[in-house]
Amino acid sequence: MINPVLLIAIPLLAAFISVFIQKLSWVLLFGVSIFTAISGFFLQKGMFMIGGWKPPFGINLMIDDYSFIIIIVINLLFFLTLLSGMWELKKNKTILMVILAGINGLVMTGDLFNLFVFLEIITISGYILAASSDKYYSVFKYLVLGTLGSSLYLFGIMVLYGTLGTLNMADISQQFPNVSGSVKIISLTFVFAGLGVEAKLLPFNAWVKGIYGNTTPLTGPLFSTVFATGAIAVFGRIFGQILVPDSTLIFAFIALGLITFIFAETSAMASKKLRELLTFSSIGQAGLIITMFMIGGFYAALIQLINNAFAKTILFSYATKAYKSNGDDTINNMSGLFRKNVMMGFGFTVATLSLIGLPLFFGFYAKINMLQSAFALNMWIPALIILGSIIEGIYYIRLLVKLWNPGEEGQESSELAQSQFVIKNGFSLSLIAVLIGIIFVVSGIIPDFLTENIAKAADSLSDAATYLSTVLGGI
Amino acid sequence: MTINSLIAQGMISSLLVYLLTKLNKKLGAFLTVLFSGYLLFVIFGFQNSAGEVFSLIHFGEFELTFMTSHYAWYFAIVLTLTYFLVSFFNPYWMKKMVNPAAYNMLFMVSMVGTVGVFYAKDFLTLFIFYEIVVWSSLFIIPMGKSRKTPVIYYTISSIGSFAMLYAIFYLYHSVGSFDIQAVSEAMSQAPNTYRFVFFTMIVAGLTKLGIFPFHTWLPAAHGSAPHTFSPVLSGGLVKVGGFIALITATVIPSFKILAGDLQLMGVPFENYLIMLLGAVSIVVGTLMAIKQEDAKKLIAYSTVSNSGYIIIGLMLNDQVGFAGGMMHVFNHAMASGAMFLSFAAIAYRTGTTKMSELGGLIKRMPLTFAAYLIAIISLAGIPPMSGFASKWLIFQGLASNGMMFIALAAFFGSIGSFLYVFRPLSAAFLGQLSPKHKDVKEVPWMMQIPLIIMSFLTIFYGIFPGRILAYISKIQESVGLKGVEIEGTKIIAATGMWDSLVITLVFGGGFMLAAILFFISPKAKPVDQMNTYTSGEFIYDPDHYHYAKNYYATFENNYGNKKRVELFFDAVALRVKEFGEMVKTMFFAKSVSFSIFWIMLFFTLVYFWGDKV
Amino acid sequence: MSYLIGLMLIVIAFLWQVTLEGFQRKVTAKVQRRVGPRWYQTFMDIFKAFSKSSISHGFIYDFGAMMTLGGTMATVVFLPFSGIVAFNGLDNFFVIIYLLAVGSLGMAMSAVGSGNPWASIGVMRALTQMVGYEVPFMIVVFGMIFGYGTSSISALVEVQAGGFLNWHLLRMPLGAIVGFISLMGMLAKKPYDTPIAPAEIASGPLVEYGGKHLGMLMLQHEFAVFIEVGLFVNLFLGGGGIVAYLIKYAAVYLFATIISAVLGRFKIEQVVYHFYKVPLALSLIQAAVVIFTGLGVEIWL
């Protein structure tokens with residue numbers, strides 16, 4: 001059993017060392033990543049006090065089933081990201097280790113202010129990484145909005161602190177229902193908006209297009225899977241368990257989630273560049289998953305979160321590699337590219353079909369669970385989810401068909417019309433693609449082997465009482 | 001052999017086929033023939049099985065199960081037969097295919113998928129296999145002529161399948177079960193729920209069948225799919241939609257559940273509305289088929305029209321019309337399969353399916369011609385081929401209910417079908433043989449096999465339609481309808497009867513008489529194809545002397561040339577894209593100020609009206 | 001036995017219709033102030049054609065000719081002739097309509113098989129015209145079938161028994177008008193002789209025929225006329241005994257002849273347009289009246 005504090009401390013320590021010993025940083029990064037990826041499975045569950053102060057007075061880390069599974073997923077994703085982006089690491093190794101520490105802390109922390117700190121750590125690292133793509137204006141936008149988001153979040157928790165006198169999540173969740181309505185609205189909307197910036201909810205996410213749309217093989221998967229998963233998981237934690245909105249306000253949030261989903265999917269449909277398309281798809285998925293968290297479908301939300309994260313790893317890695325190798329990612333110029341690298345094509349296809357939610361792939365299980373929990377609420381939400389899925393399916397299928405089959409319109413498909421594009425340094429991605437592809441297929445046929453822990457995680461999220469007693473039980 | 005292990009075997013051997021095709025292209029293709037034959041053989045053994053339950057796997061908290069039934073067998077045998085017969089063409093097309101391994105694998109997956117659809121005991125299983133069929137067939141289509149049409153196919157198909165998914169979960173929410181039997185029992189108490197489910201679920205059937213306004217994918221996809229896959233799409237996969245309609249309207253007995261609703265011409269208005277859509281698709285399909293230049297597109301539009309007959313028959317839910325609709329499933333599978341296959345054969349030898357580039361092929365490909373001829377006689381509903389039996393039954397069903405507007409469409413489609421089926425016959429097989437096709441040969445013997453079998457079945461069941469109708473009457477009884485009445489070779493409806501054998505014999509007699517007259521008369525002198533009455537002109541070029549282009553131009557002029565439904569869908573797609581662009585400019589603008597505006601707006605809204613919520 | 005009756009029907013049809021064809025030519029001539037041929041001229045034409053030498057354009061050309069004659073003769077067998085039904089209960093309306101199509105298909109195939117584009121154009125016109133006239137006709141009969149609950153023609157004849165007041169001509173006057181217009185179309189009489197328009201497309205489908213092929217097609221034409229006029233007599237004029245039937249038959253046929261003798265020819269698109277404008281509307285009104293009010297079936301005098 002591994003103490004969760006190590007998951008934050010060791011990456012930070014390694015980052016510190018790597019500043020001094022540049023040559024070792026490569027080894028350190030991979031070592032740390034492998035360590036966290038493996039140790040995620042052996043994480044000790046329960047509450048950990050930092051500095052010996054008992055909650056609600058001190059800061060604590062909380063490993064329940066929910067954060068446990070998120071930690072595993074995030075650290076695995078981080079490792080996969082490193083693998084697929086290992087030619088892009090350059091000078092970013094230290095910052096990557098900081099990100100790893102930050103994202104682990106973000107998921108595990110049990111304190112709202114501590115969460116803010118970790119959030120700042122990863123967003124600032126995010127600015128630095130994003131700046132490596134030379135699109136400074138986009139980074140500037142990210143900076144402005146990210147700062148705005150952090151301020152809004154900070155303001156929200158300030159209101160809470162002023163009212164309740166505590167920032168400990170468990171403590172707040174216990175007292176939150178008794179807070180007056182206007183304070184609830186103010187604090188909730190500020191926290192919502194603040195997190196919405198990172199979680200890519202619609203009116204707050206203007207930075208995403210510039211950042212995601214110009215990613216490299218490293219930052220693409222990193223932002224779209226590791227960051228996105230972390231941000232959405234925190235979102236789920238806070239609005240699913242800690243600051244549960246009233247039934248009326250929640251509909252406003254659900255509406256925003258659904259608007260994000262459908263609007264972003266239509267934007268993706270109108271996109272001609274692969275990375276841009278995937279960007280909007282990521283936004284859409286974020287909207288969908290947050291909607292699921294809001295309506296209480298934690299199980300479905302988690303499955304879709306994992307499904308989306310692993311699928312996007314392949315999709316973004318491939319898209320960014322294609323751009324990196326050819327300087328272009330216009331879909332029309334890529335026709336028949338999969339014929340040159342069938343393994344990546346397989347992984348990409350499976351990931352895509354899983355994302356759309358077609359049967360025989362894991363995503364279908366996510367979809368039926370989503371519909372099931374959406375129907376428990378009312379009839380309109382599932383209808384909108386289905387509408388979004390139709391749009392999503394259309395542009396992904398258009399993409400797949402194009403990428404598999406070279407050929408002029410009106411002529412038989414043939415190798416002659418194949419794209420001039422190539423994928424360089426694709427070996428690690430091929431392996432990842434095949435691996436994830438097989439996992440998606442197997443878990444699409446027998447979902448049980450993945451879902452057992454997810455179900456536990458969802459239960460722990462909806463079971464606030466256990467959370468409280470674990471954290472505050474000592475008092 | 002059980003259904004569940006059959007499905008598992010199919011899925012595994014599709015992988016095997018993939019690998020073997022990578023090794024040797026022909027080997028893999030022959031394996032598809034072998035396996036589809038095996039599947040046909042095994043399915044055939046389930047002829048009299050009903051109510052046997054097989055469990056496939058636990059899918060999360062759900063269980064996927066199969067159950068045998070008569071209607072499932074009927075559809076499964078039609079589909080596997082179509083797949084089996086078409087698979088004979090596969091070995092010859094491997095060289096021309098861009099990705100033969102994937103083709104063979106997807107061919108198998110879609111075949112196994114259809115079996116899964118038909119034998120599903122619960123809606124979840126049905127939906128899973130339905131979607132498997134959709135995506136597996138989807139990826140075959142772009143190997144043909146177009147990369148756009150699979151998207152059209154997927155779009156329309158997913159509109160249907162997601163509507164069905166919605167209905168399924170709506171049912172699950174209100175009934176608490178996916179099981180078709182349980183749902184159908186629960187629905188008899190809840191006609192209001194069912195009314196909604198009926199319309200949402202049947203959309204899947206309509207999209208797959210290509211019923212107006214969802215017909216646009218058929219000509220697009222069937223017309224541009226690989227030549228060997230079009231017959232499967234048209235003859236086979238379209239029928240999956242028929243099956244969904246059957247489940248929605250008959251297996252869940254709509255006629256009983258909705259008996260309290262407004263009845264139009266003897267059926268609930270819900271069924272009547274669907275029939276009206278079927279009627280419109282008959283007319284649209286016929287009119288559009290008449291003016292196609294490409295034979296494959298023409299046959300695809302004819303499928304639209306024939307799907308209309310199927311849905312009309314099924315929605316009648318009576319003794320006669322329903323049997324006609326069911327029988328039409330088989331007839332159309334054989335007829336359109338044979339038509340597509342004979343044009344695949346032509347494309348194999350000449351490389352084109354454009355009718356204006358062909359002509360006079362009867363002299364070079366007589367067997368293909370014969371297969372095509374028999375198929376179109378059946379498709380046009382002319383005795384003594386099997387197509388007449390189903391059309392006759394549908395007409396009788398319509399007549400006994402007095403549905404004159406639907407009958408108008410049915411009659412129009414039936415007479416109109418003479419026009420469009422004759423056009424390829426005339427333009428491709430008859431008329432002047434083009435010099436560039438002088439050395440064309442008949443297709444290899446293996447490609448002849450399916451043509452011969454399809455023709456044989458069409459004739460055989462034309463003479464003895466009772467053989468099929470007897471089974472259909474079993475189906476009817478199993479779903480609570482009165483079985484169609486057969487007496488020997490006589491088929492009896494409430495409004496009349498006919499005897500297929502007598503008609504065949506009389507026709508045979510008439511033909512003999514004519515033949516005798518012909519042969520006792522002085523022998524005719526054979527002349528060259530160019531040796532005709534030319535109004536005194538000197539004719540030297542057979543290509544110019546062949547009437548094939550704009551065949552029915554004069555008729556087409558009467559109804560214009562706008563594809564209004566396609567235009568509408570295009571407009572919708574354009575609007576969606578424009579909306580997407582608008583979202584991009586409004587929320588993801590280059591300037592960050594837009595975003596600040598939205599955030600401010602959000603907070604303004606919250607603080608102005610937040611206290612209200 | 002049934003088969004013998006059928007054979008007899010074929011012989012009767014041949015003798016009667018070919019004779020009447022001669023009279024028809026005579027009548028047309030009288031209307032146009034000519035002398036016209038003798039009444040047995042058509043017999044002579046047919047026998048002459050069979051004795052002459054001919055050319056063949058290949059297998060389908062011969063086969064189609066046999067198929068068209070065979071199919072049409074087979075149809076004659078199923079049509080009730082003044083109460084004589086060869087196969088009891090099998091005289092189904094749809095069977096007759098579609099069996100007749102076998103003949104049309106055979107002729108179309110044979111004609112196009114000759115490789116002459118005039119023939120193709122003629123066939124195209126014939127098929128187009130068919131779409132025009134069949135649909136209104138079938139809609140009218142559809143109303144009858146619903147009204148009486150039977151699609152057997154002899155049964156539809158029986159319900160008209162008992163005086164001319166029971167004829168569908170009076171019971172369903174709109175339907176009878178449609179039936180007659182459609183009959184003109186079926187017979188390819190002017191103004192509906194577009195498919196064979198001799199001066200435009202060199203007799204259309206018949207352009208290549210000579211000798212025995214032509215003879216067979218002439219025979220087929222006579223049988224087809226026998227069926228088409230017979231359908232009208234049975235469905236709208238109540239059939240009747242042999243004499244009555246033949247008189248009604250002659251009256252209808254000659255009436256059609258007289259009309260056609262003074263009319264010009266439609267263009268093919270006009271034909272379809274024309275049929276879908278008035279007759280189709282009338283037939284729908286008629287069918288609606290029968291189906292929704294019962295007027296003409298249940299409600300009558």
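Reply: First, a term we need. A residue is buried if 20 or more other C-beta atoms lie within 10 Å of its own. Also, this is a predicted model.

Me: OK. Is α16(B) mostly covered or mostly uncovered?

Reply: Mostly covered. Of the 14 residues in α16(B), 11 are buried. Among them are Phe369(B), Tyr372(B) and Ile376(B).

Me: What covers the buried residues of α16(B)?

Reply: The cover includes α14, α15, α17, α18 and α19 of chain B. α4 of chain C is part of the cover too.

Me: And how far does helix α16 of chain B reach?

Reply: Helix α16 of chain B runs over residues 366–379 and reaches 20 Å from its first C-alpha to its last. That is close to the 20 Å expected. Just after α16(B) comes Gly381(B), with a positive phi of about 75°.

Me: Switching topic. How many residues of chain C are in contact with chain B?

Reply: 73 residues of chain C, in contact with 64 residues of chain B. On the chain C side, α5(C) gives the most, with 17 residues. That side divides into 46 nonpolar, 22 polar and 5 charged residues.

Me: Last one. How is chain B divided into domains?

Reply: Domain 1 covers 3–507, and domain 2 covers 568–612. Their centres are 45 Å apart, taken over C-alpha atoms.

Key:
Residues are numbered from 1 along each chain as its sequence is written. Chains are lettered from A and ligands numbered from 1 in the order in which they are written. This is a predicted model: local features need pLDDT of at least 70, side-chain atom pairs count only at pLDDT 80 or more; totals for chains, interfaces and linings use all residues. Domain bounds come from an automatic or database domain assignment. Helices (H or I, at least four residues) and strands (E, at least two) are DSSP runs, numbered from the N terminus. The expected span of a helix is 1.5 Å times one less than its number of residues. A residue is buried if 20 or more other C-beta atoms lie within 10 Å of its own, exposed if 12 or fewer, and partly exposed in between; C-beta atoms are placed from the backbone. Two residues are in contact if their C-beta atoms, placed from the backbone, lie within 7 Å. Ala, Val, Leu, Ile, Met, Phe, Trp, Tyr, Cys and Pro count as nonpolar, Asp, Glu, Lys and Arg as charged, and the others, Gly among them, as polar.
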